[in-house]
Amino acid sequence: MTAEMAFAARSSLAATVRNYIILTKPRVISLLLVTTVPAMVVAAGGWPGTWLVLATLIGGTASAAGANVINCWYDRDIDAIMRRTRERPTVTGAVPPGHALAFGIALGAGAFVFLWATTTLAAAVLALAALLFYVFIYTMWLKRRTPQNIVIGGAAGAFPPVVGWAAVTGEAPLAAWIMFAIVFFWTPPHFWALSLRLEGDYARAGVPMLPVTDGPAYTRAQILRYTLMLIPVTLLLGPAADMGWVYYAAATGLGAAFAWMAWRLWREPGSMPPMRVYKFSLLYLGLLFVAMGVDAAL
């Protein structure tokens with residue numbers, strides 16, 4: 001093999017690996033895992049052990065990646081219509097549909113076995129439940145049928161803190177499910193803020209996201225509504241997980257800031273761009289869960 005042929009082979013392999021990684025949606029996964037480690041710290045009342053954390057993150061990453069790959073396989077028809085997704089490898093043909101589906105299933109199955117072997121059966125089952133919910137309930141059933149798709153389907157993204165807690169204790173008590181509820185109520189205002197920006201894309205693809213079916217004004221009102229419902233849910237975690245002043249201060253301050261931005265988006269949309277709310281929602285969730293971990297560690 002000549003040097004040119006070897007270089008071409010390496011380049012082809014690198015491009016193939018990159019295409020498969022793109023299908024896993026790494027940025028989405030990183031957001032999910034932000035909620036896993038703090039939940040583990042709270043469950044353990046301190047650092048639960050580096051190996052256990054790494055094993056949970058590896059298994060959780062593989063499970064979420066599997067769900068995302070299957071989502072790309074199933075949605076390749078509408079992805080071809082939307083500007084932000086039309087370059088996905090399942091649309092361009094860089095990854096054949098059958099290969100993508102097999103890859104997604106293998107990741108999900110491998111994640112289940114890995115989590116069972118290295119953490120607990122409860123964590124493995126919960127991670128698998130999240131994958132199945134995302135694929136069958138959100139992707140295949142709700143996404144193309146109802147503007148409530150992200151409200152109900154968003155539950156799939158709320159599983160990581162419960163998985164993290166179960167990885168430590170083998171159980172999922174009330175505090176873990178309150179963490180689930182925090183992510184559940186956070187998801188609609190987070191995603192609807194983004195969908196206001198992508199309204200045209202969703203309309204072209206025929207996806208009934210809330211701005212398409214009910215208009216931007218109604219969507220902004222719903223963002224405020226869910227933000228206001230989120231705040232008391234975050235405060236419920238205090239007594240359930242025996243949180244201290246660090247968490248209460250963070251939940252109150254971050255909640256007030258989120259509510260203020262959502263109110264301005266509703267009342268003064270010209271001065272509060274939806275993407276600003278979207279970006280703040282990412283910061284909000286990350287800082288809130290970091291505060292949980294810090295509080296528990298202290």
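## Helix packing, salt bridges and a pocket

Helix α14 (residues 216-241) and helix α15 (residues 245-267) have axes that come within 8 Å and cross at roughly 175 degrees. An angle over 145 degrees counts as roughly antiparallel, and α14 and α15 are therefore roughly antiparallel to each other. The residues of this contact comprise 18 nonpolar, 5 polar and 1 charged.

The count of salt bridges in the predicted model comes to 6. Three of them are listed here.

| Salt bridge | Closest N and O atoms |
|---|---|
| D75 with K143 | 2.7 Å |
| D75 with R144 | 2.9 Å |
| D201 with R204 | 2.6 Å |

D75 lies in the loop between α4 and α5 (76-79) and K143 in the loop between α8 and α9 (149-153), so this pair ties together parts that are 68 residues apart in sequence. Both D75 and K143 are buried. R144 is also in the loop between α8 and α9, 69 residues from D75. At 29% relative accessibility, R144 counts as partly exposed, whereas D75 has 0%. D75, D77, K143 and R144 are linked in a network of salt bridges.

D201 and R204, by contrast, both lie in helix α12 (residues 199-205), 3 residues apart, about one turn of the helix. D201 counts as buried at 5% relative accessibility, and R204 as partly exposed at 43%.

The second largest pocket has a volume of about 150 Å³. It is lined by 14 residues, of which I70, I105, L131, L132 and F136 are the closest to its centre. Helices α4 (50-74), α7 (97-118) and α8 (121-142) each supply at least two residues of this lining. By class, the lining has 12 nonpolar, 2 polar and no charged residues.

How values were computed
Residues are numbered from 1 along each chain as its sequence is written. This is a predicted model: local features need pLDDT of at least 70, side-chain atom pairs count only at pLDDT 80 or more; totals for chains, interfaces and linings use all residues. Side-chain values use heavy atoms; hydrogens and water are left out. On a 1 Å grid over the protein atoms alone, a cavity is a set of points where a 1.4 Å probe fits but cannot get out, and a pocket is an open set with protein on both sides within 12 Å along at least five of seven lines; lining residues have an atom within 4 Å of a point. Grid points are joined across faces, edges and corners, and a volume is the space filled by probe spheres set on the points. Helices (H or I, at least four residues) and strands (E, at least two) are DSSP runs, numbered from the N terminus. Ala, Val, Leu, Ile, Met, Phe, Trp, Tyr, Cys and Pro count as nonpolar, Asp, Glu, Lys and Arg as charged, and the others, Gly among them, as polar. Axes are lines fitted to C-alpha atoms, for helices over the stretch in contact, and angles run from 0 to 180 degrees between N-to-C directions. Angles under 35 degrees count as roughly parallel, over 145 as roughly antiparallel, 65 to 115 as roughly perpendicular and the rest as oblique. A salt bridge is a side-chain nitrogen of Lys or Arg within 4 Å of a carboxyl oxygen of Asp or Glu. Buried means under 20% relative accessible area, exposed over 50%, partly exposed in between (1.4 Å probe, protein chains only).
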